[in-house]
Amino acid sequence: MGDQVSVPADQQQLWNGVAGKGWTEAQAVLDAMFAPFEDLLTGILPGDPDGPLLDIGCGTGALTLAAARGTRRCTGIDISEPMLARARERAREQGIAADFIRADAETHRFEPGSHARIISRFGVMFFDDPVRAFANLRGACMAGARMRFAAWRAPAANPFMTTAERAAAPLLPALPKRDPDGPGQFAFADPYKVQAILSQSGWSSIGIAPIDIPCTLPVRELDGYFTRLGLLPLILPSLDAGLRAEVIETVRAAFAPFVDGEQVRFTAACWLVDATA
Ligand SMILES: C[S@@+](CC[C@H](N)C(=O)[O-])C[C@H]1O[C@@H](n2cnc3c(N)ncnc32)[C@H](O)[C@@H]1O
């Protein structure tokens, strides 16, 4: 049995460590899985002013690169060096002119009023002080700039996302727990909290709409998915080989309700959040 481990409270440590490694290794699988979010987040919106775009928590860059295929100047910002390295590599491979900067979006000194659009796919739920972060992002925007991001609804609406930890918990008393009040995947599950954060940070015309997006990944990628992402990779390396194999087998079986032939299918229950600077 492994020692008690906890989810690193420090997001820099997490995203430059276990989480950054997992997301980078699984980049192709994750991008195919979350591809349905691309058009939704990068498309032109009614009244969308022209000008530079900023992708918050851009990670390995899928959304930034998708947006940069148009005519806008696009910049991805992230705290994770391994994920940004992958993003820059993909920009080079695809011959796309996009900028990627390593910085904390909560505190980075953007040029005031310099951006016309902000987007994010699951990259805005990790701030220590979300009101300060969204006020900082608003300061980076010109008047009338539009922000659109996707964030997860509650764990209960997203059983796929918690299957691994629920299945593994009886075998692993030391499995870290999520802090429902801290930064993390489900930090924006409460739409009233999101509304309050955005209005306190000076955003207006706030819209928060539920979206249910069908997602798929090949069955052959399932083990790689749950051993690299979420809570399990925080503890798997510390287990002896026998227990690790038992955990993996148990978790794989727990995903059976989502398996449909060669594909794993689930619904991503999210909020599509819009606001204007
Ligand atoms: C769930 S991943 C999403 C990555 C990417 N948007 C995607 O959809 O593939 C969350 C990302 O937010 C980044 N992140 C967390 N806190 C951040 C902060 N304060 N400033 C900038 N990026 C941050 C992480 O490093 C990570 O790349």
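Me: Let's start with His115: is that residue buried or exposed?
Reply: Keep in mind that this is a predicted model. His115 is buried, because its relative accessible area is 10% and the cut-off for buried is under 20%.

Me: Where does His115 sit in the fold?
Reply: His115 belongs to strand E4, which covers residues 115-121.

Me: And which residues is His115 in contact with, leaving aside neighbours within four places in sequence?
Reply: There's Pro52, Leu53 and Leu54, and then Ala140, Cys141, Met142 and Ala145.

Me: What does Pro52 touch, not counting residues up to four places away in sequence?
Reply: Arg72 and Arg73, plus Ser114, His115, Ala116 and Arg117.

Me: How far apart are Pro52 and Ala174?
Reply: In space they're 46 Å apart, C-alpha to C-alpha, and in sequence they're 122 residues apart.

Me: Switching to the ligand. How many residues surround the ligand, and which are the closest?
Reply: The ligand has 17 residues around it, and the closest are Gly57, Asp78, Asp104, Ala105 and Arg121. By type, the shell splits into 10 nonpolar, 4 polar and 3 charged residues.

Me: Which polar atoms lie within a few Å of a nitrogen atom of the ligand?
Reply: For Asp104, a polar side-chain atom is 2.8 Å from a ligand nitrogen. Gly57 has a polar backbone atom 2.7 Å from a nitrogen atom of the ligand, and for Ala105 a backbone N or O atom is 3.0 Å from a ligand nitrogen.

Me: How much of the ligand does the protein bury?
Reply: The protein buries 97% of the 600 Å² that the ligand exposes when taken alone.

Me: Last topic, helix H7. Which residues are buried there?
Reply: H7 runs over residues 130-139, and Pro130, Ala133, Phe134 and Leu137 are buried in it. They lie on the same side of H7, because they cover an arc of only 90° around the axis.

Me: Why would residues three or four places apart point the same way?
Reply: An α-helix has 3.6 residues a turn, so residues with that spacing point the same way.

Me: And what covers the buried residues of H7?
Reply: The cover includes strands E1 (53-56), E4 and E5 (141-152), along with helix H9 (191-200). E4 is the strand that His115 lies in.

Technical notes. Residues numbered from 1 in each chain as written. Predicted model: local features only at pLDDT ≥ 70, side-chain atom pairs only at ≥ 80, totals over all residues. Heavy atoms only, no water. Near = heavy atom within 4 Å. Polar contact = N/O pair within 3.5 Å; in protein donor to acceptor, adjacent residues only side chain to side chain. Areas by Shrake-Rupley, 256 points an atom, 1.4 Å probe, with all protein chains shown as cover. Nonpolar A, V, L, I, M, F, W, Y, C, P; charged D, E, K, R; others polar. Helix = DSSP H or I, 4+ residues; strand = E, 2+ residues; numbered from the N terminus. Buried < 20%, exposed > 50% of the residue type's maximum accessible area, 1.4 Å probe, protein only. Contact = heavy atoms within 4.5 Å. Arc of directions from axis to C-beta.
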